[in-house]
Amino acid sequence: MAKIGLFYGSDTGCTEGVANTISELLGEENVDLFDVYDVDGSEFDGYQTLILGLSTWHDGQLQSAWDDFFNNFKEIDMSGKTVALFGLGDQYGYSTYFCDGVGIIGLVAEENGAKIIGKWSTEGYEHDESKAEVEPGTFMGLCIDEDNQDELTEERVQKWVEQIKSEGILG
Ligand SMILES: Cc1cc2nc3c(=O)[nH]c(=O)nc-3n(C[C@H](O)[C@H](O)[C@H](O)COP(=O)(O)O)c2cc1C
């Protein structure tokens, strides 16, 4: 079976922790994990199925490694690739920028040809605005709030992994 490439960026380790949990739940043998800090873009070629994860910082900015990588990311041809996204943010502290990175990265992937799976309901969140909310009531990917709702993280991640499995992430 073809492996999934999971590319994450994390400034203080929260997104990294969620990335590791997702990998464990999918079966570590099925997933290659990459810290975006260490990639140049060529790594994406080997994968038809991708999971992209990042936190949002400084009023709607991409996590620092994703921010540095963003111009390269925009050049990646995503046609034929299936992409699932997850992000971390703080819905109360940054209520008008909650998990913006998911929307920023996701829209680029979609424009470059990716099929997006793993869209997630906004039910249970209290943000005011989010670039991840690409349709009213729907985030483009899983949004996790470790700052305010860490008690929900495990359940959200488990449910999302089941969802992306049912949407064909394992092929
Ligand atoms: C200075 C600062 C700015 C932040 N800006 C945002 C933001 O604009 N939007 C958001 O959703 N979360 C924001 N956050 C919350 C982080 O995304 C959140 O704490 C996340 O879990 C960090 O994940 P990481 O450790 O993987 O980088 C901010 C946090 C800090 C400390």
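Both faces of strand β5 are covered: Thr82, Ala84, Phe86 and Leu88 on one side, and Val83, Leu85 and Gly87 on the other, are all buried. Here buried means under 20% relative accessible area, exposed means over 50%, and partly exposed lies in between, using a 1.4 Å probe and protein chains only. This is a predicted model, in which local features need pLDDT of at least 70 and side-chain atom pairs count only at pLDDT 80 or more, while totals for chains, interfaces and linings use all residues. Residues are numbered from 1 along each chain as its sequence is written, and side-chain values use heavy atoms, with hydrogens and water left out.

- Helices (H or I, at least four residues) and strands (E, at least two) are DSSP runs, numbered from the N terminus.
- β5 pairs with strand β3 (residues 49-57) in the parallel sense, over 7 bridges; two strands pair if DSSP finds at least two bridges between them.
- Within this pairing, phenylalanine 86 of β5 has glycine 53 opposite.
- Strand β6 (residues 115-117) runs parallel to β5 and is joined to β5 by 3 bridges.
- Isoleucine 116 in β6 is the bridge partner of valine 83.
- Helix α3 (residues 100-111) carries the chain from β5 to β6 in a right-handed β-α-β crossover.
- A crossover is right-handed if, with the strands pointing away from the viewer, the path from the first strand over the helix to the second runs clockwise.
- Strand β10 (residues 142-144) is also parallel to β5, with 3 bridges between them.
- Glycine 87 has cysteine 143 in β10 as its bridge partner.

**Cysteines**

- The structure holds 0 disulfides, a disulfide being a pair of cysteine sulfur atoms within 2.5 Å.
- Cysteine 99 is in no disulfide, and the nearest cysteine sulfur, that of cysteine 143, is 3.8 Å away.
- Cysteine 143 likewise has its closest cysteine sulfur in cysteine 99, and the 3.8 Å between them is too far for a bond.
- Cysteine 99 counts as buried because its relative accessibility is 1%.
- Cysteine 143 counts as buried because its relative accessibility is 0%.

**Ligand surroundings**

- There are 20 residues around the ligand, of which Ser10, Thr12, Thr15, Ser55 and Thr56 come nearest; a residue is near a molecule or strand if one of its heavy atoms lies within 4 Å of it.
- A backbone N or O atom of threonine 56 is 2.6 Å from an oxygen atom of the ligand.
- Tryptophan 57 has a side-chain N or O atom 3.1 Å from an oxygen atom of the ligand.
- For aspartate 59, a backbone N or O atom lies 3.2 Å from an oxygen atom of the ligand.
- The ligand taken alone exposes 650 Å², and the protein buries 87% of that.
- Accessible areas come from the Shrake-Rupley method with a 1.4 Å probe; for residues, only the protein chains shown count as cover.

**Threonine 56**

- Threonine 56 is found in strand β3.
- Its relative accessible area is 16%, so threonine 56 is buried.
- The side chain of threonine 56 reaches the backbone nitrogen of glycine 101 at 2.9 Å.

**Other strands**

- Strand β1 (residues 4-9) pairs with strand β2 (residues 31-35) in the parallel sense, over 5 bridges.
- Glycine 5 has aspartate 32 in β2 standing opposite.
- The chain passes from β1 through helix α1 (residues 14-26) to β2, and this β-α-β crossover is right-handed.
- An open sheet of 3 strands has the order β7-β9-β8, with antiparallel pairing.
- Its edge strands are β7 (120-121) and β8 (133-135), each of which pairs on one side only.
- β7 and strand β9 (residues 138-139) run antiparallel and are joined by 2 bridges.
- Tryptophan 120 has phenylalanine 139 in β9 as its bridge partner.

**Aspartate 68**

- Aspartate 68 is found in helix α2 (residues 64-74).
- Aspartate 68 is exposed, with a relative accessible area of 65%.
- The C-alpha atoms of aspartate 68 and glycine 124 are separated by 32 Å, and the two residues are 56 residues apart along the chain.

Definitions and conventions
Polar contact = N/O pair within 3.5 Å; in protein donor to acceptor, adjacent residues only side chain to side chain.
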